[in-house]
Amino acid sequence: MDDLKFGKRNKRGDWAPNQPAETAPLFAFPPRLMAVLKWLPHYFFPWNAIFAASAVAYWAWVIPPVETMRTLSLGWIAWLYAVNAVAVFLFYGAFELHLYVLKRQENRFKYNGKFPADHKSNAFWFERQNLDNMLRTFLWGVTIWTAVEVGMLWAYANGYAPWLSFAENPWTLALVALVVPIIHEFHFFCIHRLIHTPLLYKWVHSVHHNSVNPSPWSSLSMHPIEHLLYFGTAFYHLFLPSNPILMLYQLHYAGFGAIPGHVGFDKVEIGKEKLVDSHAYAHYLHHKYFEVNYGDALIPLDKWFGTWHDGSPEGEAQMQERYRRRKEKLAASKARLEVGGAAE
Ligand SMILES: [Zn+2]
Ligand SMILES: [Zn+2]
């Protein structure tokens with residue numbers, strides 16, 4: 001597949017798409033019905049359908065009977081941790097193996113021309129990005145994911161969370177299912193913006209940003225506080241009229257759904273002909289520039305707050321202008337302080 005039909009590669013070997021990143025047309029004003037209809041299949045396939053199907057599969061084969069979950073006990077909690085860990089290992093590992101170990105599509109569609117494994121960096125444990133990212137994923141990521149899952153299932157089993165049945169409330173639950181990605185986007189934007197405040201960035205979120213050139217295992221490579229905030233998206237189902245399967249979908253959307261944004265490739269080649277969009281460009285730019293694209297462009301929150309960067313020269317100019325204005329503001333307040341100090 002010739003990736004230069006879709007984008008260009010610079011001298012450093014970094015590939016960028018010809019088409020700038022776009023926000024979903026869902027919240028456009030005036031409404032763009034045709035654009036929404038064209039976009040809708042991408043809303044479901046393939047990613048959201050995978051995360052929803054995995055939630056159904058969990059409910060069918062993994063989640064213990066409700067009576068068991070009424071009391072917290074090590075047996076079923078350890079079982080859930082084990083299944084989550086295996087699922088993450090297989091799902092993340094499949095992308096890692098295909099794209100980064102076997103390099104089946106070499107650097108075609110790869111935003112950053114370099115592969116993290118080729119370079120040591122002392123930002124990481126043992127100076128290895130992959131090893132560091134994997135350890136953080138399994139030590140804390142999967143642990144906190146499981147803890148939130150256990151807490152929610154225990155709440156459902158004991159009647160502390162509103163549990164509607166699909167037979168009696170199919171339309172309400174269908175609506176909640178549709179809204180799951182939107183809840184995620186809203187929640188992620190808010191917590192992400194929060195952990196970019198200077199103190200929390202330094203202590204918490206900088207761990208995730210050590211991966212300037214993200215790869216699949218970077219997805220859940222976070223500080224445990226960020227894991228807790230990130231998987232906290234499931235707690236909306238303590239108040240929403242929902243169902244444990246939709247709560248699991250919400251968790252899987254966060255846990256497995258972190259993969260497409262960090263895969264590092266714009267498109268994943270399937271066989272010789274087929275390409276699957278990762279929709280990773282916006283979040284790749286976040287890892288590259290830090291202070292743009294706090295959300296994943298499902299709701300145009302970054303546009304509304306002036307932090308959107310679509311990868312185009314205009315997007316770059318807007319970002320530079322924002323930095324310049326901030327620098328000016330800082331310099332002005334520093335000068336004011338100095339004048340105040342001299343007057344005393
Ligand atoms: Zn990230
Ligand atoms: Zn960030």
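What follows is a chat about helix packing, annotated spans and the nonpolar core.

Guide: Bear in mind that this is a predicted model.

Visitor: OK. How do helix 5 and helix 8 cross, and at what angle?
Guide: Helix 5 (residues 129-157) and helix 8 (residues 224-231) have axes that come within 9 Å and cross at roughly 35°. The crossing is right-handed.

Visitor: Which residues make the contact?
Guide: From helix 5 you've got Trp140, Gly141, Ile144, Trp145 and Val148, and from helix 8 Pro224, His227, Leu228 and Phe231.

Visitor: Switching topic: where does UniProt put the "transmembrane region" annotation?
Guide: The unreviewed entry has it on residues 43-64, 76-102, 138-157 and 169-191.

Visitor: What does the model show for 43-64, helix or strand?
Guide: Residues 43-64 are 77% helix and 0% strand, with the end C-alpha atoms 31 Å apart. For residues 169-191 it's 96% helix and 0% strand, and the end C-alpha atoms there are 31 Å apart.

Visitor: Now the largest nonpolar core: how many residues?
Guide: That core has 63 residues, and those with the most contacts inside it include Phe51, Val148, Phe231 and Tyr249. Helix 5 gives the most to this core, with eleven residues.

Visitor: What does Tyr249 touch, leaving aside its neighbours within four places in sequence?
Guide: Tyr249 is in contact with Phe51, Ala52, Ala55, Ala177 and Val180.

Notes. Residues are numbered from 1 along each chain as its sequence is written. Chains are lettered from A and ligands numbered from 1 in the order in which they are written. This is a predicted model: local features need pLDDT of at least 70, side-chain atom pairs count only at pLDDT 80 or more; totals for chains, interfaces and linings use all residues. Axes are lines fitted to C-alpha atoms, for helices over the stretch in contact, and angles run from 0 to 180 degrees between N-to-C directions. Helices (H or I, at least four residues) and strands (E, at least two) are DSSP runs, numbered from the N terminus. A crossing is left-handed if the near helix is turned anticlockwise from the far one by less than a right angle, and right-handed if clockwise. Two residues are in contact if their C-beta atoms, placed from the backbone, lie within 7 Å. UniProt positions are given in the numbering used here, feature names are shortened, and annotations may be inferred rather than shown by experiment. A nonpolar core is a set of buried Ala, Val, Leu, Ile, Met, Phe, Trp, Tyr and Cys residues joined through C-beta atoms within 7 Å. A residue is buried if 20 or more other C-beta atoms lie within 10 Å of its own, exposed if 12 or fewer, and partly exposed in between; C-beta atoms are placed from the backbone.
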